[in-house]
Amino acid sequence: MSMALPPVIETRGLVKRYGDQIAVAGVDLVVGPAEIFGLVGPNGAGKTTMMKVLATLLAPTAGEARVCGISVMEDPIEVRRRIGYMPDFYGVYDDLRVWEYLDFFARCYGVSAERRAGMIGELLEIVGLADKRGAYVESLSRGMRQRLCLAHSLVHDPALLILDEPASGLDPRARVEMREILRELRGMGKTILVSSHILPELAEMCTSVGIIDRGQLLRAGSIRDIEVSLRAGAVLQVDLLGDETTIAGAETWLSNAPHVGDVLHGDVAAGLATRLEIPFDGDANDQAELLRSLIAAGYRVTGFHQATSDLEEIFLKVTGQDEEEGAA
Amino acid sequence: MTAAARPMASPRRSAAREFGSAVRTIMVKELRGRFRGRRAFVVLTIYLGLLALLAYGTYVLIAPTARQASQFGGAPNASASIGIGIFTVLSFFQLLLVSFIAPAFTTGAISLEREKQTLDLLISTPLRPGAIVVGKLLAALAYIGLMILAAIPISAIVFMYGGATVDDLIRQQVVLLVTALGLGAIGLFFSALIKRTQAATVLTYCAVLVLTIGTVLIWIFFSILAQRDAVGVTRRAPEQILWVNPALAMIDVVAGTEAGNVGGLNGLLGQITGADITNAGGGVTCNGNVCFQTDDKGNVIGPGSALPGAAVDLSSRPVGGVVVACPPDMPPNQCAANGGQPIAAVAQPQSAVGHFWPRYSISLAAIAVLATLFSMRLVVPAGMRFVFRRPRRQTAPPPAPGSVAKEPPASPAAPDVPADIATAEDST
């Protein structure tokens, strides 16, 4: 059996229409084993629809979707055995206890009784709910429910996890916890497809991301690749100490520096310093060189960083760019 | 090739076992929720308390009249009338409660899962839709069945008085259980069909009303029509409409207790089916379509014994077949063979008692099966309805065997990350 394993997720020309509306417009996506793939896009971009198609809850209008090489249309039951799905909105059976809830889903997946007993404890350990074993699901906080739902999607040890906005509605602490759990799961060799409309949230844990808007996959690849591909539009943020004349001088100095466009005047106060934002189209070496000469010129720099490392901006840029292209 | 390693010993049996365990899974979960806390037990206790109270109340009401009646030789025996009275009241009261409770347990079965957004989680498991639906129905029926069976001891009080036999009680139980099954399945169907539980509940109770009252109204309407253009045989509306009527089935069961098949309920049933109960003692014997009046021992007494052309009083005897007139000296059997002169045609006689409840049971069971099948179809995600029936022979995933004819319109040769990752120059 030295056959190459099929990719965990493979879609080809995936299309899903709801009446006149097109939710997914021909997406080709490949996600390999043990990847954490983040789907990012604004609300209504088609993330949830794609995930539902992969979770065999929606039939695609056209195209093909395969999980572990199995078509979601030809053998949905076999696909379901290989995925754990966590929808963006879901309820819990609040008249059950935590362990009963997991036990129920384990039975649904045909997990044998001997394995169920030990596994429920392990799963609760992973998601940090071990002390809530006998509590009613009803009594759990939102973050805990989220983690319980994550645990439910793991009862049958699936190859692929499909998590639709797992961090939405969580407070920062719960968010961090969720991220830690996903990291742990990646360590266990699971492939994870996770969606969010907040790119930075994904960037910290994903091996690669796909940016999706209006049903189209605009970019896909590692965050680094995407960032690099967009570096040209980067904006540098330079925080300087000094009075108005110093700042004005720095502005002139910077506009004359290589790779720098017109200084966007920064009225942004960054502590005691004044922040200047400058468009910059050089690479990392050029950046370092700019900083070196800026300091050599005698300016007191308290901060120097690239604004586009803010992934939100990449995101806006990519989706915005698409809009312009669409208009043209 | 990962999937091919699963044991495939005897697919049919293992599929059945899988289905059974899936149904059990759903039932366990549903019943865990249902019997959580005190609610289920309190409801059961109240139900049984009400029944007991009602049985006692009936006794208090009936006993004096029954004793009096038997003293003057009217009713056969006081004890039996008390028993029959209690049996009647309990049967109808239980029927009423079951008709209300059974749908209530199922109208939320699917729609509540939709409303609470738990359905997607459930459907994305490998559970077959059939197992989900059947499990839900059985879980609801398990509780109603418990209520019905738990009330047997109360109904069994009638055995102290007589009047109703064990057979009567068994019939009563069959009708109650089958009512729970049928109405429960109807509730389940509407629950699967309609997104909101409220609407599903309203529609379910509408359906229950149609079964109980609507069928009677339709039948009456038909019988008025039928009488208007009545010629000979067809004097009645199609009674099949009433086969789904729970009340009539219970009337049938209760009528079975009436001593000597004489009583108001028998008369009612007789009118519906066309059997003339007042003639039950004597009546009519038919040979093919030719009928003769008989005495209570089955001896043919007429109309052969009547003069030809003599008026045979049919108005009080709407019995079956063709009544013939024979010469007075001809023996009735010969008369039948020779074919006398038909003087009237009337409907086929049937025994009215025991007519409805078996038909009702079968009809409601059929309704339950249909409703469950439709519910299954409705639970499956739209567009994937037919996928689940396809036999899975090849579990190994071969490249799509031409079933997907549509090629992706864009970048057919690039299954990997789309090749159109924009370069940096595009953005400026």
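Chain A has eleven helices and 14 strands, where helices (H or I, at least four residues) and strands (E, at least two) are DSSP runs numbered from the N terminus. This is a predicted model, in which local features need pLDDT of at least 70, side-chain atom pairs count only at pLDDT 80 or more, and totals for chains, interfaces and linings use all residues. Residues are numbered from 1 along each chain as its sequence is written, while chains are lettered from A and ligands numbered from 1 in the order in which they are written.

**Chain A overall**

- Of the 328 residues of chain A, 47% count as buried; buried here stands for 20 or more other C-beta atoms within 10 Å of a residue's own, exposed for 12 or fewer, and partly exposed for what falls in between, with C-beta atoms placed from the backbone.
- Take the contacts in chain A between residues at least 6 apart in sequence: 68% of them join residues at least 24 apart. Two residues are in contact if their C-beta atoms, placed from the backbone, lie within 7 Å.
- Chain A is assigned domain 1 (9–221) and domain 2 (231–311), with bounds from an automatic or database domain assignment. The C-alpha centres of these two domains of chain A lie 42 Å apart.

- An open, antiparallel sheet of four strands in chain A has the order β2-β1-β4-β5; strands pair if DSSP finds at least two bridges between them. Its edge strands, β2 (21–31) and β5 (70–71) of chain A, each pair on one side only.
- Eight bridges link the antiparallel strands β1 (residues 9–18) and β2 of chain A, and Ile9(A) stands opposite Val31(A) in β2(A).
- Helix α1(A) packs on this sheet, touching β1, β2 and β4 (62–67) of chain A, and its direction makes about 115° with that of β1(A). Axes are lines fitted to C-alpha atoms, for helices over the stretch in contact, and angles run from 0 to 180 degrees between N-to-C directions.
- Helix α1 (residues 47–54) of chain A is largely enclosed by the rest of the structure, because eight of its eight residues are buried. Thr56(A), which follows α1(A), has a positive phi, near 60°.

**The six-stranded sheet**

- Six strands of chain A make an open sheet of mixed pairing, ordered β6-β7-β8-β3-β9-β10. Here β6 (83–86) and β10 (216–221) of chain A are the edge strands, and the twist averages 15° from one strand to the next.
- Five bridges pair β7 (residues 160–164) with β8 (residues 191–196) of chain A in the parallel sense; Asp164(A) stands opposite Ser195(A) in β8(A).
- Lying across β3 (36–40), β7 and β8 of chain A is helix α6 (residues 172–187) of chain A, at about 155° to β8(A).

**Nonpolar cores**

- The largest nonpolar core has 162 residues, and Leu54(A), Val67(A), Ile162(A), Leu193(A) and Ile144(B) have the most contacts inside it. Such a core is a set of buried Ala, Val, Leu, Ile, Met, Phe, Trp, Tyr and Cys residues joined through C-beta atoms within 7 Å.
- Helix α9 (residues 166–193) of chain B gives the largest share of this core, 13 residues.
- Apart from this core lies another, of eight residues, including Val238(A) and Ile278(A).
- Not counting residues up to four places away in sequence, Leu54(A) touches Ile9(A), Ala65(A), Val67(A), Val72(A) and Ile162(A).

**A look at Ser91 in chain B**

- Ser91(B) sits in helix α3 (residues 78–106) of chain B. Ser91(B) is buried because 25 other C-beta atoms lie within 10 Å.
- Leaving aside neighbours within four places in sequence, Ser91(B) contacts Gln172(B), Met250(B), Val253(B) and Val254(B).
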